Amino acid sequence: MEHALELFVQDEIPLIQLRKETNQVELLVKKAKQGDAEAFISLIEQSKLSMYGVARGFLDNPEDVADAMSETVLDCFEKIGSLRQDAYFKTWMIRILINNCKDILGKQKRCVSMEEAPEPESHEGSGMQEFNELIEPLKDQDRSIFTLYYVYGMKVKEIASYMEMKENTVATRLKRGRETLRKEMSGSREDGNGA
């Protein structure tokens, strides 16, 4: 009986911690909505690593990542009054960030350079570089889903929320993407063996 009670109490501790963090976020959001800049800065400080990770999943260029993040901070500051549920500040902010990343990607596609620019040197680890090369055959949106899922460990439900898609759509894109990559890899092996 005591053992069961100990397990129950241990399971409750993370739940209590989560409620405490949620209450803190809600309080900061309420203050920020009333014009408290310090509260807004605290919210951004708590979320900046997540913001960077998501933006990096969409954008290769560090300057673009910085642009997307700063644009997101500005958008959130200007629109925080429109946030309906204070507890969902981070989800709301990440959606804005993803939209800003998509805007940057869209502008890049519309820009046509006169000559091919050399690729910037990557400062990220070779594992991330290899991952990006591996998922290159996928469509932009599918690459983003793969990055959020495999690199940042987000669940299908979270990705669906952030990208404003149905969970089934995200799961289907992951499945199709895996099949595409399997075919690409087996094709590469056959080409390599035949030479």
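Biologist: Which residues touch the most other members of the largest nonpolar core?

Modeller: This is a predicted model. The largest nonpolar core has 45 residues, and F58, F89 and L97 touch the most other members. At least two residues of this core come from each of α1 (2-33), α2 (37-58), α3 (62-79), α4 (89-110), α5 (126-134), α6 (140-151), α7 (156-163) and α8 (167-194). With 10 residues, α4 gives the most to this core.

Biologist: What does L97 touch beyond residues up to four places away in sequence?

Modeller: L97 touches M51, V54, A55, A68, M69 and T72.

Biologist: Why is M93 called buried?

Modeller: Buried means under 20% relative accessible area. M93 has 0% relative accessibility, so the residue counts as buried. M93 is found in helix α4. Leaving aside neighbours within four places in sequence, M93 is in contact with I44, S47, M51, T72 and C76. M93 and V73 are 20 residues apart in sequence, with 8.2 Å from C-alpha to C-alpha.

Biologist: Why does M163 count as buried?

Modeller: The relative accessibility of M163 is 4%, and the cut-off is 20%, so M163 counts as buried. M163 lies in helix α7. Not counting residues up to four places away in sequence, M163 touches F58, I98, K102, Q141, S144, I145 and L148. For M163 and S144, 19 residues apart in sequence, the C-alpha to C-alpha distance is 9.4 Å.

Biologist: How do you know that the buried residues of α7 line one face of the helix?

Modeller: The buried residues of α7 are I159, A160, Y162 and M163. Seen down the axis of α7, they fall within an arc of 165 degrees, so they line one face of the helix. After α7 comes E164, whose phi is positive, near 55 degrees.

Biologist: What describes the packing of α2 and α3?

Modeller: Two packed helices are described by the angle between their axes and the distance between the axes. For α2 and α3 the angle is about 145 degrees, and the axes are 10 Å apart. Their crossing is right-handed. In this contact F40, I44, K48, M51, Y52, A55 and R56 of α2 meet V65, M69, T72, V73, C76 and F77 of α3. The residues of the contact divide into 10 nonpolar, one polar and two charged.

Biologist: How do α2 and α6 pack, and which residues make the contact?

Modeller: The helices α2 and α6 pack at an angle of about 145 degrees, with their axes 8 Å apart. The crossing of α2 and α6 is right-handed. V54, G57 and F58 of α2 make the contact with S144, T147 and L148 of α6.

Biologist: What share of the residues of the protein chain count as buried?

Modeller: Of the 195 residues, 30% count as buried.

Note on methods
Residues numbered from 1 in each chain as written. Predicted model: local features only at pLDDT ≥ 70, side-chain atom pairs only at ≥ 80, totals over all residues. Heavy atoms only, no water. Core = buried A, V, L, I, M, F, W, Y, C linked by side-chain atoms within 4.5 Å. Buried < 20%, exposed > 50% of the residue type's maximum accessible area, 1.4 Å probe, protein only. Helix = DSSP H or I, 4+ residues; strand = E, 2+ residues; numbered from the N terminus. Contact = heavy atoms within 4.5 Å. Axes fitted to C-alpha atoms, helices over the stretch in contact; angles between N-to-C directions. Left-handed = near helix turned anticlockwise from the far one by under 90°. Arc of directions from axis to C-beta. Nonpolar A, V, L, I, M, F, W, Y, C, P; charged D, E, K, R; others polar.
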